[in-house]
Amino acid sequence: MGQDHIRYDILAQDALRGVIRKVLGEVAATNSLPGDHHFFITFLTGAPGVRLSQHLKSKYPEQMTIVIQHQFWDLKVTDAGFEIGLSFSDTPEKLVIPFNAIRGFYDPSVNFELEFDVAADAGMEIVEDEDVAAFVAPVETAGDGVAKPADGEKAGASVVSLDAFRKKQ
């Protein structure tokens, strides 16, 4: 097989990030979630452009999963990412998350999931870990906006993975 000069893998990831951009944009426009929809978004906290408090950064030095469900505010979506207000242990926080920092997106109301290989510009590695998708598990949020897997079990979700489209070398 020939070399992929077009980089279909990157184009596909960008297109799937467009799904997240569109969904969050619609939520921002109405300031509410339709029906029973809610989202778990896992992102790399050290990725370029991510902004969060030092407290959250020290608590989640590598990656973090947020839950967008009942209590959020000031959701703003741009072409590059989004910012949102969430409460963590009754402390309001503003987070800025570029779409390129997102590792996973899950909507349990319809069992829809996207996973991304995230590599930052300056030396951040792609994380190859089977357990990274643990945010698919049944979760407890305790109102602090952070998903915690219940009993370490994963739910049976259908995963859209780009590995199926990659050329094996």
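Analyst: Two strands pair if DSSP finds at least two bridges between them. This is a predicted model. In it, phenylalanine 105 has leucine 114 of β7 as its bridge partner.

User: What makes β6 and β7 a pair?

Analyst: Four bridges join β6 to strand β7 (residues 112-115), in the antiparallel sense. At least two are required, so the two strands count as paired. They form a hairpin with four residues between them, and asparagine 111 in the turn has a positive phi of about 55°.

User: In which sense does β1 pair with β6, and over how many bridges?

Analyst: Strand β1 (residues 39-44) pairs with β6 in the antiparallel sense, over four bridges. Phenylalanine 43 stands opposite isoleucine 102 in β6.

User: Why is β6 called largely enclosed?

Analyst: Buried means under 20% relative accessible area. Six of the six residues of β6 (residues 102-107) are buried, so the rest of the structure largely encloses this strand.

User: Why are β3 and β5 called edge strands?

Analyst: The open sheet has the order β3-β4-β5, with antiparallel pairing. β3 (73-77) and β5 (91-98) each pair on one side only. Three bridges join β3 to β4 (residues 81-88), and at least two are needed, so that pairing holds. Lysine 76 has glutamate 83 in β4 as its bridge partner.

User: How do you know that the span of α1 is close to the expected one?

Analyst: Helix α1 (residues 8-30) has 23 residues and reaches 34 Å from first to last C-alpha, against 33 Å expected at 1.5 Å a residue. The helix lies across β3 and β4, at about 140° to β3.

Notes: Residues are numbered from 1 along each chain as its sequence is written. This is a predicted model: local features need pLDDT of at least 70, side-chain atom pairs count only at pLDDT 80 or more; totals for chains, interfaces and linings use all residues. Side-chain values use heavy atoms; hydrogens and water are left out. The expected span of a helix is 1.5 Å times one less than its number of residues. Contact means heavy atoms within 4.5 Å. Axes are lines fitted to C-alpha atoms, for helices over the stretch in contact, and angles run from 0 to 180 degrees between N-to-C directions. Buried means under 20% relative accessible area, exposed over 50%, partly exposed in between (1.4 Å probe, protein chains only).
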